[in-house]
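Trainee: I would like to go through this model with you. Can we start with charge pairs and then move to pockets?

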Amino acid sequence: MTATVTSTSAQPARAGVTFPDGFVWGAATASYQIEGAAREDGRGPSIWDTFSRTPGKVYGGHTGDIACDHYHRYVDDVALMADLGLASYRFSVAWPRVRPDGTGPVNTRGLDFYDRLTDELLGKGIDPVVTLYHWDLPQTLEDRGGWANRETAEAFGEYAEIVYRRLGDRVGTWTTLNEPWCSAYLGYGSGIHAPGVQDPAKALAAVHHLNLGHGLAAQALRAAGAQRISITLNPCEVYPVDPEREADRDAARLIDGLANRIFFDPLLRGEYPADVLEHIARLTDLSWLRDGDLAIINQPLDVLGINFYNPAYVSAKPGAPGDLSYPGSEGIAFRPPVGPVTDMNWPIEPAALTRLLTRIHQDYPGTPLMITENGAAFPDGPGPTGEVADTRRIDYVDGHLRACYDALAAGVDLRGYFLWSLMDNFEWAEGYRKRFGIVHVDYTTQQRVLKDSAKWYREVIRRNGLE
């Protein structure tokens, strides 16, 4: 999403606001980041098991073998969610637990865990929201080409139906994919995420097969009786560094096409943007795009999940090497952050979220939106009395909730907010050194401690708004 307004300042504090009745308050996690039990009850290896064991790929050689041990501690974790007053909990199902080799026999013991978790949530009055894919692809599918191979999209449709058959009587909202941009570009473009491939043609094939996998899964879910079907994207509001300079505007439009429109347009309009196809034609022969694919991808959505952390600023710079996460972005420079940043060195700009939501609402009308991830990593830990005073996280979330409220006031159909993350966890290539949680986790003892942000968020939920 491109725009011609630049801003680097966080929103100032304002008067109290109240969100609409029925606004959903939740928190989110992902299977590989919290579950652990990597070799228990028939679970097969995922690409992240392999990647994290590859020297130099993950900070400190960390793995998700144990993570937060949620697989064994889910009862206590759900009780913690209930104490916070969460109305909904977004979690992902690990494909390797359900179908260890991706296409073969179903592992009922793996499904049993999600059965127990779902029942525990419902018993505490918490609505389960299931994400079917949050990056832990079965390694056997990657060995056959992964998301660069059409077979993976077809296998994903089958897997979606398998999970629905077990949980569909109790789960209302089904999210197919989480952040396909990351799966495609970070996994097959820059290689900083699993499976660690650096091949622009494969990255672009992965984009299409992820889109296709969503469509096939949505068809299977709908046919099986799913109530609400969703996908979660991580769109980035892209700004030209100098909006008066045509070359910078062109650079922003190109990055917007690769980051946003290559997903939004086929999903919601049934077509790939012409300028994006023209750009990528020099990197791939487009042989992965077959007749009928776009009709499969363009399935009705009941809600569109939006993950937001930060915007991007780009400029035209002849000779710049580009970014491998954006195939063909040579000659484009990404401006380093200006102003306050999180521990991930991501700029903090809540106003960019308002603009992003407003523009999605305008460009793709008629689809309800949900913030499915928003949060910040900061290096916080228990103080002398055991309290975790994470005031910067509170400020971050407060600012972004006010940005959501501004979008609502502008007419955006925004249905809820899921904070990322419920607890500190395995932060992918960063291992355990980055903490996004509102619950502190001691990875040695597995003790959970509510941070000040968790107590603050509990009050936000209780009053359905901000002071």
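Trainee: How many salt bridges does the structure hold?
Mentor: This is a predicted model, so local features need pLDDT of at least 70, side-chain atom pairs count only at pLDDT 80 or more, and totals for chains, interfaces and linings use all residues. Residues are numbered from 1 along each chain as its sequence is written, and side-chain values use heavy atoms, with hydrogens and water left out. A salt bridge here is a side-chain nitrogen of Lys or Arg within 4 Å of a carboxyl oxygen of Asp or Glu. The structure's count is 38.

Trainee: How many residues apart in sequence are the parts that Arg448 and Asp77 tie together?
Mentor: Arg448 and Asp77 form a salt bridge, with the closest N and O atoms 3.0 Å apart. Helices (H or I, at least four residues) and strands (E, at least two) are DSSP runs, numbered from the N terminus. Arg448 lies in strand β14 (residues 448-450) and Asp77 in helix α3 (residues 70-84), so the parts tied together are apart in sequence by 371 residues.

Trainee: Is Asp77 buried or exposed?
Mentor: Buried means under 20% relative accessible area, exposed over 50%, and partly exposed in between (1.4 Å probe, protein chains only). Asp77 has a relative accessible area of 3%, so the answer is buried.

Trainee: Which helix holds both Asp265 and Arg269?
Mentor: Asp265 forms a salt bridge with Arg269, at 3.7 Å between the closest N and O atoms. Asp265 is buried at 4% relative accessibility, whereas Arg269 is partly exposed at 42%. The two are four residues apart, about one turn of the helix, and that helix is α10.

Trainee: Which residue meets Asp275 in a salt bridge?
Mentor: Asp275 is partly exposed, with a relative accessible area of 28%. The N to O distance is 3.5 Å, and the partner is Arg253.

Trainee: What volume does the largest pocket have?
Mentor: On a 1 Å grid over the protein atoms alone, a pocket is an open set of points where a 1.4 Å probe fits, with protein on both sides within 12 Å along at least five of seven lines; lining residues have an atom within 4 Å of a point. Grid points are joined across faces, edges and corners, and a volume is the space filled by probe spheres set on the points. For the largest pocket that gives about 1,200 Å³.

Trainee: Which element supplies the largest share of the lining of the largest pocket?
Mentor: The lining has 44 residues, with Trp181, Leu186, Asn310, Met344 and Trp346 nearest the centre. α8 (180-188), α10 (246-269) and β9 (312-316) each supply at least two. The largest share is three residues, from α8.

Trainee: Which strand gives the most to the lining of the second largest pocket?
Mentor: This pocket holds about 330 Å³ of space. Its lining has 22 residues, with Val24, Arg228, Val303, Met370 and Arg415 nearest the centre. Three residues come from the strand that gives the most, β12.

Trainee: Where does His193 lie?
Mentor: His193 is buried, with a relative accessible area of 11%. Not counting residues up to four places away in sequence, His193 touches (heavy atoms within 4.5 Å) residues including Trp48, Phe51 and Trp428. His193 lies in the loop between α8 and α9 (200-224).
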